[in-house]
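Subject: Structure handover

Hello,

I am passing a structure on to you. Please look it over first, and then read the notes below it.

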Amino acid sequence: MGGGGGGGHFVGTVGGSGASALSGGTLYAAAANARIATDAGGGAVPAAQPAAQPAANLPRGVRNNNPLNVVDIGRLGPWEGQEGTDGSFARFDTPEAGLRAGAITIISHQARHDRNTVQEIISRHANTSPEAEQVRYAQHVARELGTIPGAVVNVRDPAVLPRMMRAMIEFENGRATADRYTDAQLNTAANAGIAHHNRPRNR
């Protein structure tokens, strides 16, 4: 995410078949993507579920209700449901609002910036991270999707996007953290993101 970059970064890591989450702060900062700012509005989401852990013990993305670590879009206007920023990343009033912003961001990587493979989408999403970490990130997501990093994926497919979101959340925050988001929440957010990108644009 930099001046023409992606929309998030990762603060955790998942290796092998288990989870190893880094919950103590940000590893890599990402710059805001001005083009994604036009995707900030529209689309209702269900009410949030209460957190089971004290906020201080949760990864940054979860504390911010922003599990895909979407950047704050600043002067270009807030995301729907955004209640502030932690300095780099948006803070949302509900997890669902953050998930919706994440879905819109992932679709933007493909629809607006012609990133079509798993590796291309992840490299854009985490473009301020070291290349080796981008590769690991893409390998994890591809494995969870049952494909390879160089495979083309259609992120507007409602059968693909929720699975990709969950895999990305696992890498960003840890597998145990990803499990706190239900399939219904991910499906709703994905469908809202797809509908948003399919609607006519007036700006």
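The notes below go from the whole chain to single elements and residues.

Please keep in mind that this is a predicted model.

Overall make-up

The chain holds 7 helices and 2 strands. Read from the N terminus, the order of elements is α-β-β-α-α-α-α-α-α. There are 203 residues in the chain, and 50% of them count as buried.

The strands

Strand β1 covers residues 82–85 and strand β2 covers residues 90–92; the two run antiparallel and are joined by 3 bridges. Within this pairing, Gln82 is found opposite Phe92 of β2. The hairpin formed by β1 and β2 has 4 residues between the strands, and Gly87 in this hairpin has a positive phi near 115°.

Helix α3

Gln119 belongs to helix α3, which spans residues 118–125. Leaving out residues up to four places away in sequence, Gln119 is in contact with Gln134, Val135, Ala138 and Pro149. Gln119 and Ala151 are 32 residues apart along the chain, and 8.1 Å separates their C-alpha atoms.

Helices α4 and α5

Helix α4 takes up residues 131–145 and helix α5 takes up residues 161–173. Their axes lie 9 Å apart, and the helices pack at an angle of about 140°. The relation of α4 to α5 is therefore classed as oblique. Their crossing is right-handed.

On the α4 side, the residues that meet α5 are Glu133, Arg136, Tyr137, His140, Val141, Glu144 and Leu145. On the α5 side, the partners are Arg163, Met164, Ala167, Met168, Glu170, Phe171 and Glu172. By type, the residues of this contact comprise 7 nonpolar, 1 polar and 6 charged.

Arg166

Another residue of helix α5 is Arg166. Is Arg166 buried or exposed? Its relative accessibility is 18%, and the cut-off for buried is under 20%, so Arg166 counts as buried. Which residues does Arg166 touch, not counting those up to four places away in sequence? They are Ala178, Asp179, Tyr181, Thr182, Asp183 and Leu186.

That is what I have for now.

Regards

Terms used
Residues numbered from 1 in each chain as written. Predicted model: local features only at pLDDT ≥ 70, side-chain atom pairs only at ≥ 80, totals over all residues. Heavy atoms only, no water. Pairing = 2+ DSSP bridges. Axes fitted to C-alpha atoms, helices over the stretch in contact; angles between N-to-C directions. Parallel < 35°, antiparallel > 145°, perpendicular 65-115°, else oblique. Left-handed = near helix turned anticlockwise from the far one by under 90°. Contact = heavy atoms within 4.5 Å. Nonpolar A, V, L, I, M, F, W, Y, C, P; charged D, E, K, R; others polar. Buried < 20%, exposed > 50% of the residue type's maximum accessible area, 1.4 Å probe, protein only.
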